[in-house]
Amino acid sequence: MTQVQIEIPDSDRDLFVRQARREGMTLSAWLCAAGRARLESQSRARPFASAEDAMAFFRACDDLDGPEVEPDWSEHLRVINESRASRSSSAP
């Protein structure tokens, strides 16, 4: 087994140790698991081999269930402003 020494800010170390303990792991085991998880997620994200592959991906996305048309920006702003107004009117 290889030992690796790293330098990280004390605040990050404290956060990492707390999280590792919550997950019942040592800091070393938690860092290894985090590294493996990152490698795994990166290995799944492959670039498209061709423009045809990219178009096939976007066609598949279009086939997913969801709203037929995205709301325009003014609709988004209306929803945001309504939400803000309802929070401020319900505040004590």
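1. Let's start with Glu82: its relative accessibility is 47%, so this residue counts as partly exposed. Keep in mind as you look around that the model is predicted.

2. Which residue does Glu82 pair with? Its salt-bridge partner is Arg78, and the closest N and O atoms lie 2.4 Å apart. Together, Glu75, Arg78 and Glu82 belong to one network, joined by salt bridges that share partners.

3. Arg78 is partly exposed at 38% relative accessible area, and Glu75 is partly exposed at 30%.

4. How many salt bridges does a search of the whole structure find? It finds three. One of them links Arg13 and Asp14, with 3.5 Å between the closest N and O atoms. Arg13 is partly exposed at 39% relative accessibility, and Asp14 is partly exposed at 35%.

5. Next, helix H1. This helix covers residues 10–22, 13 residues in total, and spans 18 Å from its first C-alpha to its last, close to the 18 Å expected. After H1 comes Gly24, which has a positive phi near 70°.

6. Finally, visit the surface. Phe48, Met55, Phe57 and Phe58 make a nonpolar patch of about 410 Å². Phe48 lies in the loop between helix H2 (27–44) and helix H3 (51–63), and its 44% relative accessibility makes it partly exposed.

Methods. Residues are numbered from 1 along each chain as its sequence is written. This is a predicted model: local features need pLDDT of at least 70, side-chain atom pairs count only at pLDDT 80 or more; totals for chains, interfaces and linings use all residues. Side-chain values use heavy atoms; hydrogens and water are left out. Patches are made of residues with over 30% relative accessible area and no salt bridge: like charges are joined within 9 Å, nonpolar side chains (Val, Leu, Ile, Met, Phe, Trp, Tyr) within 5 Å. Accessible areas come from the Shrake-Rupley method with a 1.4 Å probe; for residues, only the protein chains shown count as cover. A salt bridge is a side-chain nitrogen of Lys or Arg within 4 Å of a carboxyl oxygen of Asp or Glu. Helices (H or I, at least four residues) and strands (E, at least two) are DSSP runs, numbered from the N terminus. Buried means under 20% relative accessible area, exposed over 50%, partly exposed in between (1.4 Å probe, protein chains only). The expected span of a helix is 1.5 Å times one less than its number of residues.
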